[in-house]
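Open your viewer and get ready to click along.

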Amino acid sequence: MSRKKTIELPPVISSFEVDGEVIALEIPHPDHKEIGKGSHKKNLVEARAQKLIDEIYLDFFTPDGKVIPITEKNNYLDSGHKFAKHAEELGYGGLDGKDGSALRKTYYPRIKALFDEFKRVLNNRK
């Protein structure tokens, strides 16, 4: 009988402090991959989501950390359908360049929640 693989915790590069407050944030090494059943798919989703976040970040935030107001240009996080359509235009569609539902069901909720949290934190800093 085969043994279940153990999941290793990633080694920590560093943690840091912001504005005198200790932030409990650990940054794993980018080359570290989690070991476990189905983890290769999870790692692919996380890498693809990170590339998409990097590409759309400046539509919502300035480089110095200010929130950009919602306009016609950046209102695509209003719904999963709008987000999927925008991501397809950026080249993140499925095998044939179309949605394939992963953009709406997997990437949209993850990215929307992350950006909403960024906005909440940045707005509360004032």
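Here is a short tour, from the whole chain down to single residues.

**Stop 1: the whole protein.** Before you select anything, keep in mind that this is a predicted model. Show the chain as a cartoon and look for three helices and two strands. Of the 126 residues, 24% are buried.

**Stop 2: helix H1.** Select residues 39–56, which form helix H1. This helix has 18 residues and reaches 26 Å from its first C-alpha to its last, close to the 26 Å expected at 1.5 Å a residue. Next, colour Ser 39, Asn 43, Ala 49, Leu 52, Ile 53 and Ile 56, the buried residues of H1. What covers them? Bring back the rest of the chain and you will find H2 and H3 included in the cover.

A handy idea for looking at any helix: an α-helix has 3.6 residues a turn, so residues three or four places apart point the same way.

**Stop 3: where H2 meets H3.** Select residues 80–89 for H2 and 102–124 for H3. How are these two helices arranged? They pack at an angle of about 100°, with their axes 9 Å apart. Angles of 65 to 115 degrees count as roughly perpendicular, and H2 and H3 are therefore roughly perpendicular to each other. Show side chains for Gly 80, His 81, Phe 83, Ala 84, Ala 87 and Glu 88 on the H2 side, which meet Leu 103, Arg 104, Tyr 107, Tyr 108 and Ile 111 on the H3 side. Sorted by class, this contact has seven nonpolar, two polar and two charged residues.

**Stop 4: the loop between H1 and H2.** Two residues are worth a click here. Start with Asp 59, which lies in this loop. Is Asp 59 buried or exposed? Its relative accessibility is 17%, so Asp 59 counts as buried, the cut-off being under 20%. Leaving out neighbours within four places in sequence, Asp 59 is in contact with Ile 68, Lys 73, Asn 74, Tyr 76 and His 86.

Now move along to Asn 75, found in the loop between H1 and H2. At 16% relative accessibility, Asn 75 counts as buried. Not counting residues up to four places away in sequence, Asn 75 touches Ile 70 and Lys 82.

**Last stop: contacts across the chain.** Zoom back out to the whole protein. Among contacts between residues at least 6 apart in sequence, 51% join residues at least 24 apart.

How values were computed
Residues are numbered from 1 along each chain as its sequence is written. This is a predicted model: local features need pLDDT of at least 70, side-chain atom pairs count only at pLDDT 80 or more; totals for chains, interfaces and linings use all residues. Side-chain values use heavy atoms; hydrogens and water are left out. Axes are lines fitted to C-alpha atoms, for helices over the stretch in contact, and angles run from 0 to 180 degrees between N-to-C directions. Helices (H or I, at least four residues) and strands (E, at least two) are DSSP runs, numbered from the N terminus. Angles under 35 degrees count as roughly parallel, over 145 as roughly antiparallel, 65 to 115 as roughly perpendicular and the rest as oblique. Contact means heavy atoms within 4.5 Å. Ala, Val, Leu, Ile, Met, Phe, Trp, Tyr, Cys and Pro count as nonpolar, Asp, Glu, Lys and Arg as charged, and the others, Gly among them, as polar. Buried means under 20% relative accessible area, exposed over 50%, partly exposed in between (1.4 Å probe, protein chains only). The expected span of a helix is 1.5 Å times one less than its number of residues.
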